[in-house]
Amino acid sequence: MNVERLKYVIWAVEMQRAVDFYHDTLELPLLFRAGDHWAELDAGAGLHLGLHPASARGPVPGSPGGITVGLAVDEPIAGVVETLRDRGVIVDGPVVDEGGLALAFFTDPDGNP
């Protein structure tokens, strides 16, 4: 598995307001938007910022954990998850693979998501 880029996920109270801030105010190019479910912006030098709406499952925006690190990979998510599980990683919750967006959540050995 090769990591293509580094991605930080920012949990947002209001998606449109977050997109307006990062895209319009900070002038980061908007790469992808899936309605109010996800937006991805290019922060330069291979760093992408993902905006995700706050929910009962995720951390509270503006609190510790309100930003998480994500890794974009160059192969199907099911194979990546299988490799991680084979290596002893516990994948949290269901793997999401729909509408051009594939996600799997896990933590490092210290519990960092």
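In the predicted model, Tyr22 is a buried residue, because its relative accessibility of 17% falls under the 20% limit. Phe21, with a relative accessible area of 38%, is partly exposed, whereas Tyr22 counts as buried.

Glu40 belongs to strand β3, which spans residues 38-42, and His48 belongs to strand β4, which covers residues 47-53. The side chains of Glu40 and His48 make a polar contact at 2.6 Å. Both partners are buried: the relative accessible area is 7% for Glu40 and the relative accessibility is 11% for His48. Each value is under 20%, so each residue falls in the buried class.

The surroundings of these two residues were examined with neighbours up to four places away in sequence left out. Under that condition, Glu40 touches Arg5, Lys7, Pro29, Leu30, Leu31, Phe32, His48, Leu49 and Gly50. For His48 the list consists of Arg5, Leu6, Lys7, Tyr8, Leu31, Glu40, Leu41, Asp42 and Ala43.

The loop between β3 and β4 contains Ala45. The phi angle of Ala45 is near 55°, which is a positive value in a residue other than glycine. In general, most residues other than glycine have a negative phi. Ala45 is exposed, because its relative accessibility of 92% is over 50%.

With a relative accessible area of 32%, Phe32 is partly exposed. Apart from residues up to four places away in sequence, Phe32 is in contact with Trp38, Ala39, Glu40 and Gly99. Phe32 and Met15 are 17 residues apart along the chain, and their C-alpha atoms are separated by 13 Å.

Two further pairs of residues relate separation in sequence to separation in space. Val73 lies in strand β5, residues 67-73, and is partly exposed at a relative accessible area of 23%. Between Val73 and Arg5 there are 68 residues of sequence separation, and the C-alpha to C-alpha distance is 7.7 Å. Gly79 has a relative accessible area of 27% and is partly exposed. Gly79 and Pro29 are 50 residues apart in sequence, with a C-alpha to C-alpha distance of 30 Å.

Pocket analysis gave a volume of about 300 Å³ for the second largest pocket. The elements that contribute two or more residues to the lining of this pocket are β6, residues 91-98, and β7, residues 101-106. The lining comprises 14 residues, and those that lie nearest the centre of the pocket are His37, His52, Val96, Leu101 and Leu103. By residue class, the lining of the second largest pocket is made up of 7 nonpolar, 5 polar and 2 charged residues.

Terms used. Residues numbered from 1 in each chain as written. Predicted model: local features only at pLDDT ≥ 70, side-chain atom pairs only at ≥ 80, totals over all residues. Heavy atoms only, no water. 1 Å grid on protein atoms, 1.4 Å probe; cavity = no way out; pocket = protein on both sides within 12 Å on 5 of 7 lines; lining within 4 Å. Points joined across faces, edges and corners; volume = space filled by probe spheres on them. Helix = DSSP H or I, 4+ residues; strand = E, 2+ residues; numbered from the N terminus. Nonpolar A, V, L, I, M, F, W, Y, C, P; charged D, E, K, R; others polar. Buried < 20%, exposed > 50% of the residue type's maximum accessible area, 1.4 Å probe, protein only. Polar contact = N/O pair within 3.5 Å; in protein donor to acceptor, adjacent residues only side chain to side chain. Contact = heavy atoms within 4.5 Å.
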